[in-house]
Amino acid sequence: MNSAYLTVAIVTIVVNAGIAAADFARVPFVLKNSGEVDVPPSWIPPLASLKAAGAAGLLLGLLGVPFIGTAAAAGLVLFYVGAVITHVRARVLYNIAFPGGFLALAVATFVLDLAQVR
């Protein structure tokens, strides 16, 4: 496992686990942001579960279940593409760097995962 993949994957795991925890805790910035982009509060726990599942899948990939890690990275890419689209459609662009940054991490993890020699 190369160090670039390991580093990016660990950062992706940490940030996704962190934002999932913030979602589950219904931290005020989460509620404010979801309201601005027209995501109903009832969707927050399921969306948080997807983020947490992505982080857990990436961790499993690092622990020796490579195809789960690849699937988790792909899932996070799709999730954050949806988040960026949601921000653009709602014209909430002042904070698009957050879903954009999460998307960039997910893409980097996915690409580096695919580049691994198995």
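In α1, the residues A4, Y5, V8, A9, V11, T12, V15 and I19 meet F102, L105, A108, T109, L112 and D113 of α5, contact being heavy atoms within 4.5 Å. By class, this contact of α1 with α5 has 11 nonpolar, two polar and one charged residues; Ala, Val, Leu, Ile, Met, Phe, Trp, Tyr, Cys and Pro count as nonpolar, Asp, Glu, Lys and Arg as charged, and the others, Gly among them, as polar.

This is a predicted model, where local features need pLDDT of at least 70 and side-chain atom pairs pLDDT 80 or more, while totals for chains, interfaces and linings use all residues. Residues are numbered from 1 along each chain as its sequence is written, and side-chain values use heavy atoms, leaving out hydrogens and water.

Now step back to the whole chain. There are five helices and zero strands, where helices (H or I, at least four residues) and strands (E, at least two) are DSSP runs numbered from the N terminus. The radius of gyration, taken over C-alpha atoms, is 14 Å, close to the 13 Å of the globule rule (2.2 Å times the number of residues to the power 0.38) for 118 residues, so the chain is as compact as a globular protein of that length. Its C-alpha trace spans about 45 × 25 × 20 Å along the principal axes.
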